[in-house]
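Biologist: Thanks for sitting down with me over this one. Could you show me the structure and take me through the terms as we go?

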Amino acid sequence: MQYMLMIFVNEARYPKLTPAEREQGTAAYSAYTEALKKAGVLNGGSRLQPTSAATTVRVANGKSQVLNGPYADSKEQLGGYYMIDVPDLDAALSWAARCPGASHGVVEIRPVWTM
Amino acid sequence: MSEAFAAALVEWPASGVPRTPEAWLLTVARRKMIDAARRRQTGDESAAALAIIAEELSPAADENPEIPDERLRLMFACAHPAIDAGVRAPLILQTVLGFDAGAIGSAFLVAPTTMAQRLVRAKNRIRQAGIPFRVPERVELAERLDAVLEAIYAIYAEGWSDPAGTEARRRNLADEGIWLGRLVASLLPGEPEALGLLSLMLYAEARRGARRTAQGEYVPLAQQDPDAWDQPLIDEAEALLLRASDAGRIGRYQLEAAVQSAHVIRRRSGRTDWDAIERLYDALLSLTASPVVAINRAVAVAETRGASAGLAALDALKEDARLAEYQPYWAARAELLARCGDLPAAEAAYERAIGLESDESVRSFLQQRRAHVTVTASTLLPSGSSRNAA
Amino acid sequence: MRYLLLMYQQEAVMRNLPKETAREVHGAYMAYLDALKKAGVLVANHGLQPTSAAATVRAPNGKAVVLNGPFAETKEQLAGYFLIDVPDLDSALSWAERNPTASHGAVEVRPVWG
């Protein structure tokens, strides 16, 4: 089954990290991504630029509204995601728990519609 | 600007008509814009815009009978060749009409921060390059005027996609485009293209009420009820076009207005004058080489010489990469393919058009057209054979 | 440049659409997907099952805490995404505008690293 792992962390913490902490974080994600690949479950993923680079579009009665910023303001923001293909929800949860994002943020897991 | 007019209506009866009404209007508008900018949180862009206006419009100018020219001079500065073509219309919206970057961005489908940056860059350019605030001399005027007219048309066109004009709070760009068009036409009455553009916009505006049903469904031009068209606006548009043609200098806006005129003939004669429309598009094409004109011409050719001829005219545009993501191209192709009986290709073309359309009511209309093609195709198949066998 | 188009819409509304409307909406998404492919800009896309199928995991001290439900309650919920590769933000915004979700919800456009 395919799941999307969405990583929510507080963007505001990034500028406060020391270079060592930053390096450690990057290494942790690299290791995690490698593990997903080696397990043969990785099916895609992206790291997103911060919400300061987001733009939101709505169309009402054929007229477009373009706003700076993400869809919603929240304490933690979507920073990236992984697409994984695993046997069941338990497997997805155990992968989510290992994600570095789970330790200083939250990972949401959602099953995907199969076409 | 419309706020200033409203203020004028309220105050004139009490204090009598001011000596120079235009000057009075401009002063009120300037005051209101300054007030509005102070009220707004992010007043940076408007403050900068007002600085330009303030610099160029000294109080002494209020006594100048040519006051309305100040706005025209501002527009010529905004449409100067040194200003990037894509930012001219936004700049006019900001400096002449006081729009903020967010509203302008929404209209042109650009992120507000991006639009704000482009506007700041453009205004810096005006200051640094020393772009003059003046109506160009006769020799340059026609060419430079074209840039101004193009910007106004872009503003009107962006307002076109809000057929119901539903959000009064968000300003109606079509009204603003027409307001600017009236301004230019009144200040340059001897310029046939200025009259032509205003005529064109009024013809289009006259049909606003007929473009959607009461339920918000899309109504194509061919199916619009001429009685729903605004007669006084059409009369005004026709008068303007006549005046323009007196000058004997044909241009693209007059030609486009003439096309509109040929369409609205239907209210009197019951039929559209497609022969005239085809000839007008021939002329437009030789003037502009625009693929949009070519598409419209192909549609006209389909009416005068049959769907195959129209399709052949469209096929000539196949290699133009700009059309790959242009919904009207695919919608026109779909229509003509259907009329030629190539139903699978028509279906595929409708699919392309639907995927490229952002207005839900137009999407819905196209989906119905496609469904009709699908149904027709299935009824034409001999019973028992699969579709793939065709 | 890669951009993620995140689609937010009201699950409850979409779930309760009359059959004819639902068919039309589905058709619109199929056409949109097709247009993205034909334009050569589609990298990936997925539709998400509703938030009733969501779970969240926090593991602040290495100990996982699992809760049912999405990360946050919002008026509109994330329904899926399109990952596209286009020249610039303007281009991404014009694709976002065509996304059927823009007409009955909101489409967030976020640039992607790398």
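Modeller: Gladly. Let me begin with contact: two residues are in contact if their C-beta atoms, placed from the backbone, lie within 7 Å. This is a predicted model, where local features need pLDDT of at least 70 and side-chain atom pairs count only at pLDDT 80 or more, while totals for chains, interfaces and linings use all residues. Residues are numbered from 1 along each chain as its sequence is written, and chains are lettered from A and ligands numbered from 1 in the order in which they are written.

Biologist: Which residues is A:Val107 in contact with, leaving aside its neighbours within four places in sequence?

Modeller: Within chain A, they are A:Leu5, A:Met6, A:Ile7, A:Ala96, A:Cys99, A:Gly101 and A:Ala102. From chain C, A:Val107 meets C:Thr56 and C:Val57.

Biologist: What makes B:Leu109 partly exposed?

Modeller: A residue is buried if 20 or more other C-beta atoms lie within 10 Å of its own, exposed if 12 or fewer, and partly exposed in between, with C-beta atoms placed from the backbone. B:Leu109 has 19 C-beta neighbours inside 10 Å, so it counts as partly exposed. Its phi is near 55 degrees, a positive value in a residue other than glycine.

Biologist: Where is B:Leu109 found?

Modeller: In the loop between helix H6 (101-108) and helix H7 (112-129) of chain B. Helices (H or I, at least four residues) and strands (E, at least two) are DSSP runs, numbered from the N terminus.

Biologist: Why is H6(B) called mostly covered?

Modeller: Six of its eight residues are buried, namely B:Ala101, B:Ile104, B:Gly105, B:Ser106, B:Ala107 and B:Phe108.

Biologist: And B:Ala289, is that residue buried or exposed?

Modeller: Exposed, because it has 9 other C-beta atoms within 10 Å, and the limit for exposed is 12 or fewer. B:Ala289 is in the loop between helix H14 (274-288) and helix H15 (291-305) of chain B, and its phi, near 50 degrees, is positive too.

Biologist: Why are H8(B) and H9(B) called roughly antiparallel?

Modeller: The axes of helix H8 (residues 138-160) and helix H9 (residues 173-187) of chain B cross at roughly 155 degrees and come within 6 Å. Axes are lines fitted to C-alpha atoms, for helices over the stretch in contact, and angles run from 0 to 180 degrees between N-to-C directions. Angles under 35 degrees count as roughly parallel, over 145 as roughly antiparallel, 65 to 115 as roughly perpendicular and the rest as oblique. The two helices are therefore roughly antiparallel to each other. Residues making the contact include B:Ile152 and B:Tyr156 of H8(B) and B:Ile178 and B:Leu180 of H9(B).

Biologist: What makes a set of residues a nonpolar core?

Modeller: The term covers buried Ala, Val, Leu, Ile, Met, Phe, Trp, Tyr and Cys residues joined through C-beta atoms within 7 Å. The largest such core here has 160 residues, and those with the most contacts inside it are A:Leu5, A:Ala96, A:Val107, B:Ile152 and C:Leu5. Helix H10 (residues 192-206) of chain B gives the most to this core, with 10 residues.

Biologist: How do you know that this core lies between domain 1 and domain 2 of chain B?

Modeller: Domain 1 (1-163 + 171-188) and domain 2 (290-380) both give residues to the core, so it lies between them. Domain bounds come from an automatic or database domain assignment.

Biologist: Lastly, how many residues of chain C are in contact with chain A?

Modeller: 39 residues of chain C are in contact with 35 residues of chain A. S6(C) gives the most to that side of chain C, with six residues.
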